[in-house]
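Student: I would like to go through the salt bridges of this model. Please show it first.

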Amino acid sequence: MAELIIILTILIPWFGGLVVWAVGDQHPNLQHRLAAGFSVLGGIISLFLLMYIQDVPVVRVDIGGVFGSFTLVPDGLGVYLAIIAAVIGSLAVIFSNNYMKGEAQLGRYYSLMLLFIGAMVGLVLSGSLLFMFVFWEITAFCSYALISFHNDDPKAVYGGIKALIMTQIGGVGLLLGALAAYAYLGSYQINDFIANTAEFPTGVLAVIAFGFLVAAAAKSAQVPFHTWLPDAMEAPTPISALIHAATMVNAGVYLLARFFPAFEPVSGWTIAVMTVGLLSALMAAILAAGTYDLKRTLAYSTISQLGYMVYAIGVSGIYASQFHLLSHSVFKALLFLGAGAVIHAVGTRNMREMGALGKSMRFVAIVFVIGTLALAGLPVTNGFFSKELVLEAGLNHGAAWAYAGMLIGVAITGYYSIRMVRLVFFNPANSSKQPHPTGLAMRISLAVLAVGTLLTWLLAGPFSRMLAGSLPYHRLEPESTLDVVLEVLTNPTTWITVLVVLFGISLWFLRGRLAGLIHALQPLNRLTNQDFGFEWLNRQIIRITNRVATTLRKTQTGQLNWNVFGIVGALVILLILIVWIG
Amino acid sequence: MNLSIETIALVGVIGLLGVGLYGLLISRNLIKIVVGLQILVKAALLGIVLAGKINGQPLLAQSMVITIIVADTIVAVIGIAMIVQIRRQLGTLDVSELSKLKG
């Protein structure tokens, strides 16, 4: 039974994708309903996985040869991420029923989305490194194809290709690590690898560890690979909510958490992870505070929140990081879908052209404010509890300077959260346009996510027991919800953090009086306009690559004689090498 | 000097290979290129026959080679036919002047 359910969780979305594609674009209403039906079915079936949590493979297919075995392991870490992918995926599809109404080529849209959902479930449940890599690349492809969904828009195509190239860099790191592990172990099984890390030479283990860190940083849009995520915002908003906030970008964090017991002994690895998280959290928060594009603001805040999770893994807070991942998936999907409803209604992403939408879009305003409270980490939302757990882990096990840096990040988070809400909903109206009403499908998705944002912290106990029970190498302690809540509420650092958030919020209201300070920060503003020089770095890399390509192109004359000369030359060199070495 | 049949065949393979590659390397005339290509293929065929003899499966190797000769003849025929057409249409057989197909 467990076998059937775990396979259906992957195959139902994929089958649905095929069906929607086969229906054809001349029946858009049928496509909407079919896509929603299949994704909801997949979401419901994924919930049944909760009954079969275990740390041994339930599906094992021996491919043979160098490919090893394809296994699916429903352990706690994988199952909850699979549920996030399937459930939030189905909500995003339902939301699309309104959002994408009247768009052309819905077949491509929905089938890629369903392909993505299945691949994401496969990624987190796969017990084999090689097949994890395969699913990893499928998600990267879907991400690329959906960012460039409006493929007549040069900006969308640019963003898609940028995302593809940058996540490929990470894919190379993952493949390198997987192959090195196979070379030494003769098996791709993740659990074998974690159990046998003592047998690896230190250097090889370090290569795997840092290869995976590169993979995680590229996939989760962490410094220095973060620049693809803001440009990925050209995607339709449900895609941004699903792929670039709730699921795919978490794959990197998942990878780090999964392999944490194996890489913890590698010297410098935890420090590197912590630093990457800290830099991402801080820099992205500053960038979010300076942009006027609603979706880009949310994208930067996603990078920042993913930075918190990576930081938590660097300070051994696996449970805290995963709990924050759960909270973040729910509230960030809510924020993105809320932003989607706003963008759909007013037809612009520029926050300066919005304002006073609080009256005309009361429902969206309420759920958006709930999401923002969770983002800022204010009670009693899921973001409050999970962020406190992250910071507590940072204070207990991490360096003090890093904790201080994270607190600054918390303050800036408060600042940009209130700025976003005020600009969009409660400023004087800057536009006389009458917003479109919010559709029923949109309201359903938003309501479910808003309730989730308010309530998922109640799952802290079962979630902890689930992770502790099925991850033997992570040495997690099961805790009850009451323990977690009491721990958070009685800890003085919690209230320091809340004060810091309120300080950040008050900065927004006092910004008129702080004109001198703002003026002093002008150089910082110039720096943020160029994304701290990372965009410049990207452009330089592209320029150098192009120049090298142009130079090397001269060797491709298209002349037969020259090509034969190349073949013979290479043959001679190889023969000389063989004679010389042998 | 005691030369076995294998050694002689191996020298033949290497010699044909060298002649074929040399022909491809220096010739600009399309017909000479086809001739060079054919010599190169014959080197490979001789190599297969030799390998069959060494492995003790001469019949398998020979039947494979016969098949390849048939296929290869078709390649040569089509090549020559195209060359004839090129000569008729463009008036030259020099590859460096035939840049019209260059993408």
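Student: Which residue forms a salt bridge with D293(A), and how far apart are the closest N and O atoms?

Tutor: This is a predicted model, in which local features need pLDDT of at least 70, side-chain atom pairs count only at pLDDT 80 or more, and totals for chains, interfaces and linings use all residues. Residues are numbered from 1 along each chain as its sequence is written, chains are lettered from A and ligands numbered from 1 in the order written, and side-chain values use heavy atoms, without hydrogens and water. A salt bridge is a side-chain nitrogen of Lys or Arg within 4 Å of a carboxyl oxygen of Asp or Glu. For D293(A) the partner is R349(A), and the closest N and O atoms are 2.9 Å apart.

Student: Is D293(A) buried or exposed?

Tutor: Buried means under 20% relative accessible area, exposed over 50%, and partly exposed in between (1.4 Å probe, protein chains only). D293(A) has 17% relative accessibility, so this residue counts as buried.

Student: Which residues are linked with D293(A) in a network of salt bridges?

Tutor: R349(A) also meets E234(A) in a salt bridge, at 3.7 Å from N to O. That pair ties together parts that are 115 residues apart in sequence. The network links D293(A) with K155(A), E234(A) and R349(A).

Student: How many salt bridges does the structure hold over all chains?

Tutor: One of them joins D231(A) and R296(A), with the closest N and O atoms 3.4 Å apart. D231(A) is buried at 13% relative accessible area, and R296(A) is partly exposed at 21%. Over all chains, the number of salt bridges is nine.

Definitions and conventions
Helix = DSSP H or I, 4+ residues; strand = E, 2+ residues; numbered from the N terminus.
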